Amino acid sequence: MKSAFRGGEPLVFEAGSEDNVNRYDFNSGEVMRTMFLVMSGMIFVAANLSAQQASDWTQFRGPGGMGVSPVKGLPLTWSSSQNVVWKTTLPGPGASSPVVLGDKIFLTCFTGFNVPGKAPGEMSRLVRHVVCINRADGKILWTNDVTPELPEQASIRDNHGYASSTLAVDSERIYAFFGKSGAYAFDHAGKQLWRTPVGNQVNGFGSGASPILFENLLIVNASVESQSVVGLDQKTGKEIWRAPNIREAWNTPTLVPVGGKTELVVGTQGRVIGLDPANGQQLWTCNNEIGWYIVPSVVAHGGEIWSIGGRSGVVAVALKAGGRGNVTESHRHWTSTKGSNVSSPIIHEGHLYWANDNLSIAYCADAKSGKIVYEERLPGASQIYASPVLADGKLYYLSRTGQTFVLPAQPKFEILAVNVLGERSMFNASPAVAGNRLFIRSDASLYCLGAK
């Protein structure tokens with residue numbers, strides 16, 4: 001049986017029926033019009049799906065964790081009084097980035113203990129919050145208060161705080177990672193569905209890796225808590241697999257498509273590791289010569305991987321995915337002494353872009369060779385902990401004091417704008433992009449920025 005549609009009603013063609021063949025000639029104007037309408041509908045659905053994807057930012061660094069959005073029309077300039085669509089006061093500070101799904105924004109905060117600018121107080125008063133915000137007007141729709149598993153880390157260096165991991169969200173659940181307190185799932189009304197501990201160790205730098213989704217799994221880098229990466233069932237929180245020996249890794253793992261399959265890649269002290277995301281089995285390792293902890297997440301394109309991190313010496317490596325065993329000799333392309341200790345890079349049209357966290361220097365390198373194309377200081381910038389985003393042909397670098405430097409995504413250094421929100425707060429979170437809006441979060445506020 002074959003069918004088409006006319007006016008919302010199906011036209012049915014019985015196989016082998018001469019009457020039907022004669023009645024509905026496929027060369028007739030009516031059937032050609034029907035086929036045109038069907039194809040137009042398919043194109044319309046595809047366009048809507050593409051628009052919806054451009055409107056969502058559902059994990060740390062957005063789609064695929066690359067920090068790149070296809071949207072157009074983001075503002076070039078803003079201030080506290082210009083191109084601010086809305087500003088929302090948050091329940092507390094945090095370094096987690098906002099995520100966006102449909103008409104809602106989700107992020108995390110903490111209160112009660114070691115709040116920047118206040119007396120430390122008592123650890124027993126520490127509370128974490130999962131917050132849901134209306135995307136249209138910034139109104140807080142609900143807040144879920146999460147009681148931590150104590151004792152927690154007594155202090156966090158650089159005031160990162162106790163809400164540093166960005167949420168992951170899908171159409172069914174919101175997923176959080178709160179270090180030694182574990183991984184959590186909530187429904188879209190804020191009800192907690194499950195909690196799963198993934199390790200009980202703490203560190204003076206706190207926790208920072210964010211959860212990601214793969215098929216039916218929630219994947220958490222628990223390097224700080226248990227020197228492992230853990231795969232949990234999304235529906236129940238049950239541990240499905242655990243990959244050991246993940247050391248000195250604060251970065252969010254990246255899913256890398258290669259050869260029709262997907263690899264899970266994480267940067268660690270001394271090596272980059274490729275895992276099978278379905279079962280956690282190690283596929284390959286590559287020496288990176290980096291002797292420090294790794295905070296930036298890897299980026300990938302076309303089966304190629306770039307990883308930066310560490311404070312000195314070799315701090316960057318490029319390699320090819322898809323190998324087996326130790327692939328240092330066969331798959332590593334280059335190493336470099338230019339990198340960043342905190343913020344992640346961007347890969348775009350054959351070039352790698354990033355900013356050094358302490359030097360506030362913007363870099364562009366040839367992705368194939370590692371050769372530095374430009375190395376320019378961002379004038380007046382403070383430290384840069386947020387990872388950049390790329391949208392509408394522009395790079396957005398956010399400093400810890402709220403300056404955003406807008407550069408063209410091209411291998412020639414130029415500053416298009418320097419924007420200051422004028423808030424005396426700390427900006428540790430990476431920006432999010434959804435629709436034609438830019439969302440920037442400080443310890444005190446969430447800003448929705450858009451061209452007016």
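## Strand pairing and the basis of the model

Two strands are taken to pair if DSSP finds at least two bridges between them, and the strands themselves are DSSP runs (E, at least two residues), numbered from the N terminus. By that rule strand 22 (residues 304-308) and strand 23 run antiparallel and are joined by five bridges.

The structure is a predicted model, in which local features need pLDDT of at least 70 and side-chain atom pairs count only at pLDDT 80 or more, while totals for chains, interfaces and linings use all residues. Residues are numbered from 1 along each chain as its sequence is written, and side-chain values use heavy atoms, with hydrogens and water left out.

Strand 23 covers residues 316-320, and four of its five residues are buried, where buried means under 20% relative accessible area, exposed means over 50%, and partly exposed lies in between (1.4 Å probe, protein chains only).

Strand 19 (residues 271-275) and strand 20 (residues 282-287) run antiparallel and are joined by five bridges, with arginine 271 standing opposite asparagine 287 of strand 20. The two strands form a hairpin with six residues between them, and glycine 280, which lies in the turn, has a positive phi of about 80 degrees.

Strand 20 also pairs with strand 24 (residues 325-326), to which it runs parallel and is joined by two bridges. Here tryptophan 284 has glycine 325 of strand 24 as its bridge partner.

Four strands make up an open sheet in the order 26-27-28-29, with antiparallel pairing. Strand 26 (346-348) and strand 29 (372-377) stand at the edges, and because each has a single partner strand, one side of each is left without a neighbour in the sheet. From one strand to the next the twist averages 15 degrees, an angle taken between N-to-C directions on a scale from 0 to 180 degrees, with axes that are lines fitted to C-alpha atoms.

Within this sheet, strand 26 and strand 27 (residues 351-355) pair in the antiparallel sense over three bridges, and histidine 348 has histidine 351 of strand 27 as its bridge partner.

## Serine 343

Serine 343 lies in the loop between strand 25 and strand 26, and it counts as buried because its relative accessibility is 1%. Its side chain makes a polar contact with the side chain of serine 340 at 3.4 Å; such a contact is a pair of N or O atoms within 3.5 Å, of which, within protein, one must be able to donate a hydrogen and the other to accept it, and residues adjacent in sequence count only if both atoms are side-chain atoms. A polar atom of the serine 343 side chain also lies 3.0 Å from the backbone oxygen of alanine 355.

If neighbours within four places in sequence are left aside, serine 343 is in contact (heavy atoms within 4.5 Å) with Pro296, Ile308, Ala355, Ile384, Tyr385, Ala386 and Ser387.

## Cysteines

A disulfide is a pair of cysteine sulfur atoms within 2.5 Å, and by this rule the count comes to zero. Cysteine 286 is buried at 0% relative accessibility, and cysteine 448 is likewise buried, with a relative accessible area of 2%.

## Aromatic pairs

The structure holds twelve aromatic pairs, for which rings of Phe, Tyr and Trp (its six-membered ring) must have centres within 6.5 Å, and planes under 30 degrees apart count as stacked, over 60 as edge-to-face and the rest as tilted. Tyrosine 184 and phenylalanine 186 form a stacked pair, 6.0 Å centre to centre with 5 degrees between the planes; tyrosine 184 is buried at 1% relative accessibility, and phenylalanine 186 is buried at 0%.

Phenylalanine 205 and tyrosine 293 form a tilted pair, 5.2 Å centre to centre with 45 degrees between the planes. This pair links distant parts of the chain, 88 residues apart, since phenylalanine 205 lies in the loop between strand 12 (192-196) and strand 13 (212-214) and tyrosine 293 in the loop between strand 20 and strand 21 (299-301). Phenylalanine 205 is partly exposed, with a relative accessible area of 24%, whereas tyrosine 293 is buried at 10%. Ring pairs also link Phe110, Phe113 and Tyr162 into a cluster.
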